Amino acid sequence: MINGRRIGVVLPAYNAAATLSRTVIELDPDVIDEIVLVDDASTDQTVTMARKLGLEPIRHELNLGYGGNQKTCYDRVLELGVDIIVMVHPDYQYSPLLVPAMASMIAYGEYDLVLGSRILAQNSVARGMPRYKYVANRFLTFVENIFLRQKLSEYHTGLRAFSSALLAGLPFERNSDDFVFDNQIIAQAVSAGARIGEVSCPTRYETDSSSINLRRSIRYGVGVLRTCGQYRLHRHRVRHYSYLDFEPDEVRAGLESAAIAAKLAAEARGSARTDG
């Protein structure tokens, strides 16, 4: 818990048995109130390892895809009544040690969505990111910033923190079950007027880390560009897309209420320390 806000971490897992323990060990139990792991029909011992680590995994009998896995994660963690949700990939590519920092940015009312950027303030290629992925990342991010009118350093990270007020207000169940889910939910957040922040995130590119092949990478890139076009068409009322068809004002009202509550809580805690 941070500033009176309950923190939940979701782990969308697929064949993560070799890296899961390293990921979970670095999740701070003094801060994190709930951990939800969803196994997407892994063929290894991910579920067994999760149970050894004291988790109660949810298992998909059939592989629903990366986006489908996240949907189950978010549905479950919202049921648990947390205030902030942080997604961490259990392949240990992203640092779990950043969960408190990212959650704090929301818990004190400054942001609604925080992204862990592999690009911000570091040389990603020197840290092991394949050069072709870096080039694709930079190109897609450039296009997305133009179409979504943002100034983000990266849209393709697997380390994200959400205000529950934001996540509960977005129709994420309408998003793709594939990897483009990640970009669609950012487009939804932008549509809702969410305040989006970033932190620099060191990443690891090891043999145990998950990765998609070139064919799926190309399909993902096409999906990202399609999402950009759909966002602009929907915004200008040329065409409508179900995942973007919601009332931004309603989501924004919930975000404003959550931010005010967070800041009041911080002020109350500060006054209590001063009085003490």
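**Notes on the cores, cysteines, surface patch and salt bridges**

1. Start with the inside: the largest nonpolar core holds 38 residues, and Val10, Tyr74, Leu148, Leu166 and Ile185 touch the most other members. A nonpolar core here is a set of buried Ala, Val, Leu, Ile, Met, Phe, Trp, Tyr and Cys residues joined through side-chain atoms within 4.5 Å. Buried means under 20% relative accessible area, exposed means over 50%, and partly exposed lies in between (1.4 Å probe, protein chains only). Helix 7 (residues 181-191) gives the most to this core, with six residues. Helices (H or I, at least four residues) and strands (E, at least two) are DSSP runs, numbered from the N terminus.

2. A word on what you are looking at: this is a predicted model, in which local features need pLDDT of at least 70 and side-chain atom pairs count only at pLDDT 80 or more, while totals for chains, interfaces and linings use all residues. Residues are numbered from 1 along each chain as its sequence is written, and side-chain values use heavy atoms, with hydrogens and water left out.

3. Leaving aside residues up to four places away in sequence, Leu148 touches Tyr155, Ile186, Ala187, Val190, Cys228 and Tyr231, where contact means heavy atoms within 4.5 Å. Apart from this core lies another, of 30 residues, including Val24, Val86, Val114 and Cys201. In soluble globular proteins, nonpolar side chains tend to be buried together.

4. Next, the cysteines. A search of the whole structure finds zero disulfides, a disulfide being a pair of cysteine sulfur atoms within 2.5 Å. For Cys73, the nearest cysteine sulfur is that of Cys201, 18 Å away. Cys73 is buried, at 0% relative accessibility, and Cys228 is buried too, with a relative accessible area of 1%.

5. On the surface, Tyr132, Leu214, Ile218 and Val222 form a nonpolar patch with about 390 Å² of accessible area together. Patches are made of residues with over 30% relative accessible area and no salt bridge; like charges are joined within 9 Å, and nonpolar side chains (Val, Leu, Ile, Met, Phe, Trp, Tyr) within 5 Å. Areas come from the Shrake-Rupley method with a 1.4 Å probe, and for residues only the protein chains shown count as cover. Helix 8 (residues 214-235) supplies the largest share of the patch, three residues. Tyr132 sits in helix 5 (residues 131-148) and is partly exposed, at 43% relative accessibility.

6. Finally, the salt bridges: the count comes to 11, each being a side-chain nitrogen of Lys or Arg within 4 Å of a carboxyl oxygen of Asp or Glu. Asp112 pairs with Arg195, their closest N and O atoms 3.0 Å apart. This pair links distant parts of the chain, 83 residues apart: Asp112 is in the loop between helix 4 (99-107) and strand 5 (113-117), and Arg195 is in the loop between helix 7 and strand 7 (196-200). Asp112 is buried, at 4%, whereas Arg195 is partly exposed, at 29%.

7. Arg160 and Asp182 form another salt bridge, with the closest N and O atoms 3.9 Å apart. Arg160 lies in strand 6 (residues 160-163) and Asp182 in helix 7, so the pair ties together parts that are 22 residues apart in sequence. Both Arg160 and Asp182 are buried.
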